[in-house]
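Here is a short report for someone meeting this structure for the first time. Please look over the chain before reading on.

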Amino acid sequence: MSRTMKKADVDDSQSVQLGGVAYVTDQKYVMFCPDDPVPGVVEPFVRAGKGQLMRDGTFDFSPLPPARRRRGVLLKKVAHGRLSATKDGAFLLTLKVFKHEGIDVAKTMVKEAEEAIREGFAIVH
């Protein structure tokens, strides 16, 4: 490892300090080129987050935490939606009918809501 790289423990995680040059364009593109590239010194990653470039050239990147998916339990699937039991102890009925389908939206939603409730709650009881 060269003098431009230094390993350190920060918050129980491995950190690598790299020396090099950062290129910043007026299109908000940032690229970093280390002075002494060493293959395998860091694991490559792709991560959504917030990058902040200050007027003095200081750059900070904070990754966003992974999205937590709500994992509800599907009770009944109908043509235009679903009835689910959510993790927080509620029931969720979702229906979506497009205008361009050329059907009576009100009748369709009432029919499918009744079907979802009748057959979906039969599973719960």
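Two strands pair if DSSP finds at least two bridges between them. Strands (E, at least two residues) and helices (H or I, at least four) are DSSP runs, numbered from the N terminus.

## The model and its layout

This is a predicted model, in which local features need pLDDT of at least 70, side-chain atom pairs count only at pLDDT 80 or more, and totals for chains, interfaces and linings use all residues. Residues are numbered from 1 along each chain as its sequence is written, and side-chain values use heavy atoms, with hydrogens and water left out.

From the N terminus on, the order is β-β-β-β-β-β-β-β-β-α. Of its 125 residues, 14% count as buried. Buried means under 20% relative accessible area, exposed over 50%, and partly exposed in between (1.4 Å probe, protein chains only). Contact means heavy atoms within 4.5 Å. Among contacts in the chain with a separation of 6 or more, 25% are between residues 24 or more positions apart.

E7 and E8 run antiparallel, joined by five bridges. A hairpin through two residues links them. Lysine 76 stands opposite leucine 83 in E8.

E8 also runs antiparallel to strand E9 (residues 91-95), again with five bridges. Here serine 84 stands opposite leucine 92 in E9. The hairpin of E8 and E9 has five residues between the strands, and its glycine 89 takes a positive phi near 85 degrees. E8 is mostly covered, with four of its five residues buried.

## The nonpolar core

A nonpolar core is a set of buried Ala, Val, Leu, Ile, Met, Phe, Trp, Tyr and Cys residues joined through side-chain atoms within 4.5 Å. The largest one has five residues: Leu75, Val78, Leu83, Ala85 and Ala116. Strand E7 (73-78) and strand E8 (81-85) are the elements that give two or more residues to this core. In soluble globular proteins, nonpolar side chains tend to be buried together.

Alanine 116 touches Lys76, Val78, Leu83, Leu93 and Phe121, leaving aside its neighbours within four places in sequence.

Is lysine 76 buried or exposed? Lysine 76 counts as buried because its relative accessible area is 19%. This residue is found in strand E7. Its side chain makes a polar contact of 2.9 Å with the side chain of glutamate 119. A polar contact is a pair of N or O atoms within 3.5 Å; within protein, one must be able to donate a hydrogen and the other to accept it, and residues adjacent in sequence count only if both atoms are side-chain atoms. Not counting residues up to four places away in sequence, lysine 76 touches several others, including Glu115, Ala116 and Gly120.

Lysine 28 is found in the loop between E3 and E4. Lysine 28 is exposed, at 73% relative accessibility. It has a positive phi of about 70 degrees, although it is not a glycine.

## The largest pocket

The largest pocket is lined by 21 residues, of which Val16, Leu18, Phe32, Val42 and Phe45 lie nearest its centre. Strand E2 (13-17), strand E3 (20-24), strand E4 (30-34) and strand E6 (59-63) are the elements that give two or more residues to the lining.

On a 1 Å grid over the protein atoms alone, a pocket is an open set of points where a 1.4 Å probe fits, with protein on both sides within 12 Å along at least five of seven lines; lining residues have an atom within 4 Å of a point.
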